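Dear colleague,

I am passing on the structure below, followed by some notes on what I found in it. Please read them alongside the coordinates.

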Amino acid sequence: MSPVVDLVLPPAEPWQEQARAARLTTADLLAHVGLKAADFAEGVIAQPDFPLSVPPHYLSLMRRGDPADPLLLQVLARGEEALPQPGRFTDPLEEADYRAAPGVLRKYRSRALLIASGACAIHCRYCFRRHTDYGAAMLTRSGEAEALALIADDAAIDEVILSGGDPLSLTDARLAALVAAIEVIPHVTTLRLHSRTVLAIPDRVTPALVDLLAGTRLNAVIVTHSNHEREISRDVAAALNRLRAAGVTLLNQSVLLAQVNDDAATIAAHCRRLFAAGVLPYYLHLTDPVDGAAHFDVDETRARGLETELRAALPGYLVPRIVREVPGEAAKTPLWALST
Ligand SMILES: *Cc1c(COP(=O)(O)O)cnc(C)c1O
Ligand code: SF4
């Protein structure tokens, strides 16, 4: 008998197949929605540096033949990305300054953020981390001990945030190992995940993930990242429901994006839809000055007008906090405290 090892890999889970199928070209995306480059004011970029990634579920929610579709505009590389953009940066939040250990951002006393994964299922054109070199920024398996030691040595840290990239790009086994390592640190009470994958690939909310979050001693919070009511499909709502049934607190952060969600009726409808799915609106971020995304900016004056309209339209608990991240500040800065 030859000593051949039988290398039978487990079949990929449906969400992993969706993640794999997400890579597509600009031409593929346009063909899918039945549009041409000429339908966009500045055309499109055939091969952008930050490549396209749009999982099939998200793709299925787009309206065909509509160049103003708010889902399409978040993922299509439009020509505006290549226009000169003075005053924009590759690391607008100066995150490199807050690196406490490899893969750990320590900006605020009580919270440590782990860059758990450099990958995202969906690539958002406005992303402030679109230029991040995850090789240097990411939590690696070898750096993990150092990162956890840093948290264990500082009793002021009561919350660990898994972010990225998207922490739900990790496998359930890898997440379980990470959660087990965090759980044994006695002063950590809360585990938070920041994820857009829940919207882009609702199948990612696997039974194993739900069990992990239901079973941890940590108070589990998921902050989803959704920008438009049409992103909360029936499948997404069902996935959110499974998380809620597991006792996970669900919050949402959005980014205020020109042409996508920059009017009060659109935001109010989104907030109501989130609430119907068991999610409370948390933050509505003003865009960061990242190079290549100026065409998404909404100015502060307009944001103030939107805030006034939202407060009139929604119950107080559904009005998101409109904030900007100002490098060097002790927390995110609310709109009202920004000087203009
Ligand atoms: C936004 C952010 C947090 C979390 O801040 P909250 O206001 O608690 O949501 C933590 N760490 C970093 C690096 C952040 O950018
Ligand atoms: S999911 Fe978040 S981190 Fe990933 S590309 Fe989109 S905005 Fe950036």
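With which side chain does the side chain of Gln74 make a polar contact? The partner is the side chain of Asn227, at 2.8 Å, a polar contact being a pair of N or O atoms within 3.5 Å, of which, within protein, one must be able to donate a hydrogen and the other to accept it, while residues adjacent in sequence count only if both atoms are side-chain atoms.

This is a predicted model, in which local features need pLDDT of at least 70 and side-chain atom pairs count only at pLDDT 80 or more, whereas totals for chains, interfaces and linings use all residues. Residues are numbered from 1 along each chain as its sequence is written, chains are lettered from A and ligands numbered from 1 in the order in which they are written, and side-chain values use heavy atoms, with hydrogens and water left out.

Gln74 lies in helix H4 (residues 70–75), helices being DSSP runs of H or I with at least four residues, numbered from the N terminus. Gln74 counts as buried because its relative accessibility is 0%, the cut-off for buried being under 20% relative accessible area with a 1.4 Å probe and protein chains only. A polar atom of its side chain also lies 3.1 Å from the backbone oxygen of Pro70.

Best regards

Technical notes:
Helix = DSSP H or I, 4+ residues; strand = E, 2+ residues; numbered from the N terminus. Buried < 20%, exposed > 50% of the residue type's maximum accessible area, 1.4 Å probe, protein only.
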